[in-house]
Amino acid sequence: MSTDIKLDPALPPADNERSAMGRRLSGLGGNAREYGIFGALVLIVLLFQILTDGKLLKPNNVVALFQQNAYVMILAIGMVMVIVAGHIDLSVGSVVAFVGGVVAVSMRDWGLNWVVAVLIGLALGALVGAWQGYWVAYVGVPAFIVTLAGMLIFRGLALVVVSETIAGLPNSFIKIATGSVPNWLGFIGKMDVVTLVIGGLAIAAFAIAQFRARASMRKHALQVEPTGAFVAKIVGVGVAIGFLSVILSMSAGGMPIVLIICGVLIVAYSFLMGRTVFGRHIYAIGGNRPAAALSGVNTKRVDFLIFVNIGLLSGAAAIVTTARTGAALAAAGNGFELDAIAACFIGGAAVTGGIGRISGAIVGALIMGVLNMGLSILSVDPSWQQAIKGLVLLFAVAFDLINKRRAGTS
Amino acid sequence: MIAVGVGDSVHATPTTRGAQDVTTPVPPPPLLSMRGISKNFGAVEALVGVDLDVHAHEVVALVGDNGAGKSTLAKMVAGAITPDTGLIEIDGEPTVIPTPGAAHALGVATVFQDLALCDNLDVTSNLFLGREARVGPLRDDGYMEATARRVLDSLTSRIPSVRSQLSTLSAGQRQTVAIARTLIGDPRLVVLDEPTAALSVAATAEVLTHIERLREMGLGVILISHNMMDVLAVADRIVVLRHGRNNGVFDAATTSHEQILAAITGATSRRQSRMHALR
Ligand SMILES: Nc1ncnc2c1ncn2[C@@H]1O[C@H](COP(=O)(O)OP(=O)(O)OP(=O)(O)O)[C@@H](O)[C@H]1O
Ligand SMILES: [Mg+2]
């Protein structure tokens, strides 16, 4: 026994070398996939920019892109958390219709102020989420069943609430989805200054957050990514945000309000998933639920809260959707669950749970959105659009799997 | 010293308890004391009236055949299973351990037989799972990673990096991570359910040294193992389970391989248990 231990001192140097290399490799691998889907988005944008003779990135089209796809981004945020935890939510489309109906009724029939109506919508969404979360977390009914039931229940309730289309909603409410931030600061040439300032602030915030994270790693004497990659990341993201701000600033209205809403949600939830204990527990549950429970993670509570959360976000999506239509329809939100789920899987989430990121889901949502818009500009028949989107989903996931397999064997 | 014969213990638990009184003449309350623990899984009697004591500064080995109920008992201490009947005392205080979180709060750290690790997380995340360090509302990732590195360095582990995703580690490396988890926080009682099953000779020796260090630090250790060499090397007492029942407590210093094997397989007690059944 003791002779075996004496062998050890010879090992550490070799070990350290291996560990440094392993660290570098694993760091690269983690980022490569992320850069991969982002690269795919850029490619698709360029492709359609060429195919549409530059119409795709016309400022007003870009604004429309965000306004039309805000609901997918909002739902995809909640959905990726559900999927990472190893569940699924099929009910979000029906919940959007139901909550949208109640919000519209509360303004038109009960004469409530639009702000109160928005709060009611969010609260009702969270309540619906709590209902479904209760069955999933505390009774143990599989989420697939609970939310399949929810899909029927809330579509039915939506039909009850919205027996006929509820139109004539207040203008301030409709502005949530169709309005822009006022051009308070005037224009530079054709460019709205408010939009540029917001873009600049976003770049600065991103850079500061990155620097602070790096400084904190350094403080604990931990390995950080190479300076070149670090700078490239900040410059890359900075250029992308800057480019987008310039385009948006030349649109008819400037910065769309929904984009601000989505941006705040993306940052907040990326933080929640990436930096908090709660986020870590979501990944742990998705990776190995019994192990997480044995380690002291309150798995039931996490499951419950994930569903409350996607209910809340469905409420937000309902508000955005109802505002964009300017009316509540019983058929609203049809197929939204599929859009959100597709966005998550295109964005790299694993069907088995445990893997997936907010940023990936957002990029997935944007890929679908750009496809929609590009194909529409090219006046491709909607039936074909659907077929093409299906193929993209299939290829994206297959590509990811093949990549992973190759990385695993090399 | 005292070795309770296999045959004696079949009759009743009092004999066993009497023997322990001799081993510890001055009785400070044991760190952990389990009395009359029973657990059924449907028709399966996993544990029937089992007693177990662990003192501070003591390594207690829990041995028995496959399915004897060792892991079930370990999971009770870890808060993953609650007994149907029986009493658990910690420092002489009757205690219930309803959840793994409660066990952790009581100072129990456990390496489960199936390791209970998350493949999709990195080494640091696994070490701190369920007990993450925080700064305000956020995780203190820097502190956790630095601590993880220190802990793994202290084990001269062959883990490539604390940032390695667990799915990329070998079975032995994963087991090392599971063992390293017991070094996080300040446990008083460490439960190791077959901690060396996948380890090399050198790594096993290291774990045994580690167990001895835990005892020197004044912790109580429950070691479950099928390797009698390891058990005899580090344990102070050896508790044998057979078909979910106590089947003897042995002093490791004075007991041979064969005696323990006999208690595990029930070789010498077969006639008496049959008589017992006839009564
Ligand atoms: N969750 C469970 N459901 C049903 N039966 C169980 C469960 N856990 C354990 N058992 C049964 O309880 C008995 C004791 O199992 P346990 O895992 O404690 O054995 P063990 O002594 O750890 O065996 P091994 O040496 O193989 O690890 C076995 O008969 C087993 O089938
Ligand atoms: Mg076992």
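This is a predicted model: local features need pLDDT of at least 70, side-chain atom pairs count only at pLDDT 80 or more; totals for chains, interfaces and linings use all residues.
Biologist: Start with the interface. How many residues of chain B are in contact with chain A?

Modeller: On the chain B side 39 residues are in contact, and they meet 34 residues of chain A.

Biologist: What area do the two chains bury between them?

Modeller: Chain B and chain A bury about 3,200 Å², with 58% of it on carbon and sulfur atoms.

Biologist: And which elements of chain B touch chain A?

Modeller: Four elements of chain B each supply at least two residues to that side: α4 (100-105), β8 (138-139), α6 (141-154) and α8 (201-216). By type, the chain B residues touching chain A divide into 17 nonpolar, nine polar and 13 charged.

Biologist: How many salt bridges across the interface of chain B and chain A, then?

Modeller: Zero by the rule used. Polar contacts are another matter: eleven residue pairs between chain B and chain A, with both residues at pLDDT 80 or more.

Biologist: How many salt bridges over all chains?

Modeller: Twelve in the whole structure. One within chain B pairs Asp53(B) with Arg35(B), N to O at 2.8 Å.

Biologist: What does that pair tie together?

Modeller: Asp53(B) sits in strand β2 (residues 44-54) and Arg35(B) in strand β1 (residues 32-41), so the pair links parts of chain B that are 18 residues apart in sequence.

Biologist: Do tell me about those two strands. Parallel or antiparallel?

Modeller: β1(B) and β2(B) run antiparallel and are joined by seven bridges. Leu32(B) stands opposite Val54(B) of β2(B). The hairpin has two residues between the strands, and Gly42(B) takes a positive phi near 60° there.

Biologist: Switching to the open sheet of six strands. What's the order?

Modeller: In chain B the order is β6-β9-β10-β3-β11-β12, with mixed pairing. The edge strands are β6 (108-111) and β12 (245-251), each of which pairs on one side only. From one strand to the next the twist averages 15°.

Biologist: In what sense do β6(B) and β9 pair?

Modeller: Parallel: β6(B) and β9 (residues 189-193) of chain B pair over four bridges. Within that pairing, Thr110(B) has Val191(B) of β9(B) as its bridge partner.

Biologist: Which strands does helix α3 lie across?

Modeller: Helix α3 (residues 70-77) of chain B lies across β3 (58-64), β6, β9, β10 (220-224) and β11 (237-242) of chain B. The angle between α3 and β9(B) is about 150°.

Methods:
Residues are numbered from 1 along each chain as its sequence is written. Chains are lettered from A and ligands numbered from 1 in the order in which they are written. Side-chain values use heavy atoms; hydrogens and water are left out. Contact means heavy atoms within 4.5 Å. Buried area is the accessible area (1.4 Å probe) that two parts lose on being put together, summed over both. A salt bridge is a side-chain nitrogen of Lys or Arg within 4 Å of a carboxyl oxygen of Asp or Glu. A polar contact is a pair of N or O atoms within 3.5 Å; within protein, one must be able to donate a hydrogen and the other to accept it, and residues adjacent in sequence count only if both atoms are side-chain atoms. Ala, Val, Leu, Ile, Met, Phe, Trp, Tyr, Cys and Pro count as nonpolar, Asp, Glu, Lys and Arg as charged, and the others, Gly among them, as polar. Two strands pair if DSSP finds at least two bridges between them. Axes are lines fitted to C-alpha atoms, for helices over the stretch in contact, and angles run from 0 to 180 degrees between N-to-C directions.
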